[in-house]
Amino acid sequence: MNKGSRLLRALRKSIPATFRLFLAFNFFVYGLVKVVIGQFGEVTPEIAAAAGKGFTIAWTFFGYSHVYEVFIGFGEIIAAVLLLIPRTSALGAVVFMPIIVNVVMINYCFDIGVQDLSTILMIMCLILLWIDRRKFMGMFNQQPINGRQVTKL
């Protein structure tokens, strides 16, 4: 086996693994902060003046209900744990995707200020979903059942 094919095989395995670890670490930290400490604290007048109106509106909304904040945090933690386990990593990416798309939209629409990180996380998740696309395509392919064509949803 030549060095080029070994390098390519190593990259095919290491890049998705690195993406999964990076995504899981970020979501685990953000989720843990939401569950244990609370990420969306009270917005003081100083923070509101420095951050801007969109940030203040978003932070006030998310900080209003601790239950909602914990719910979001547990969703992030569950996605992170699923991403860490190789057998459930594809499911982890599926769980991760709607959460990160929501985070990206909030960051852009309310000018939260971490658009770059959230966009990178979303792109990494999209790449993981693309890599595992064959696992998902089986759900949509037509497969005969008892001699009849049935579409699986």
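Colleague: In which loop does Asp111 lie?

Modeller: This is a predicted model, in which local features need pLDDT of at least 70, side-chain atom pairs count only at pLDDT 80 or more, and totals for chains, interfaces and linings use all residues. Residues are numbered from 1 along each chain as its sequence is written, and side-chain values use heavy atoms, without hydrogens or water. Helices are DSSP runs of H or I with at least four residues, strands are runs of E with at least two, and both are numbered from the N terminus. On that numbering, Asp111 belongs to the loop between α5 and α6.

Colleague: What is phi of Asp111, and is Asp111 buried or exposed?

Modeller: Asp111 is a residue other than glycine with a positive phi, near 50 degrees. Buried is under 20% relative accessible area, exposed over 50% and partly exposed in between, with a 1.4 Å probe and protein chains only. Because its relative accessibility is 53%, Asp111 counts as exposed.

Colleague: What pattern does the protein chain follow along the sequence?

Modeller: The secondary structure consists of 7 helices and 2 strands. Read along the sequence, these elements give the pattern α-α-α-α-α-α-α-β-β.

Colleague: What percentage of the residues in the protein chain is buried, and what percentage of the contacts with a separation of 6 or more joins residues 24 or more positions apart?

Modeller: The protein chain has 153 residues, and buried ones make up 32% of them. A contact means heavy atoms within 4.5 Å. Among contacts in the chain with a separation of 6 or more, the share from residues 24 or more positions apart is 56%.

Colleague: How are α3 and α4 oriented, parallel or perpendicular?

Modeller: Their axes, which are lines fitted to C-alpha atoms (for helices over the stretch in contact), are compared by angles from 0 to 180 degrees between N-to-C directions. α3 and α4 pack at about 95 degrees, with their axes 5 Å apart. Angles under 35 degrees count as roughly parallel, over 145 as roughly antiparallel, 65 to 115 as roughly perpendicular and the rest as oblique. Therefore α3 is, relative to α4, roughly perpendicular.

Colleague: Which residues of α4 meet α3, and how do the residues of this contact divide by class?

Modeller: Phe61, Phe62 and Tyr64 of α3 meet His66, Tyr68, Glu69 and Ile72 of α4. Ala, Val, Leu, Ile, Met, Phe, Trp, Tyr, Cys and Pro count as nonpolar, Asp, Glu, Lys and Arg as charged, and the others, Gly among them, as polar. By class, the contact of α3 with α4 comprises 5 nonpolar, 1 polar and 1 charged residues.

Colleague: Which residues does Ser89 contact, leaving aside its neighbours within four places in sequence?

Modeller: Ser89 lies in helix α5 and is buried, because its relative accessible area is 7%. Its C-alpha atom is separated by 7.5 Å from that of Arg20, 69 residues apart along the chain. With neighbours within four places in sequence left aside, the contacts of Ser89 are Arg20, Leu82 and Leu83.

Colleague: Which residues does Cys125 contact, on the condition that neighbours within four places in sequence are left aside?

Modeller: Cys125 has its place in helix α6 and counts as buried, because its relative accessibility is 0%. The C-alpha atoms of Cys125 and Phe96, 29 residues apart along the chain, are separated by 7.3 Å. With neighbours within four places in sequence left aside, Cys125 is in contact with Leu23, Ala93, Phe96 and Met97.
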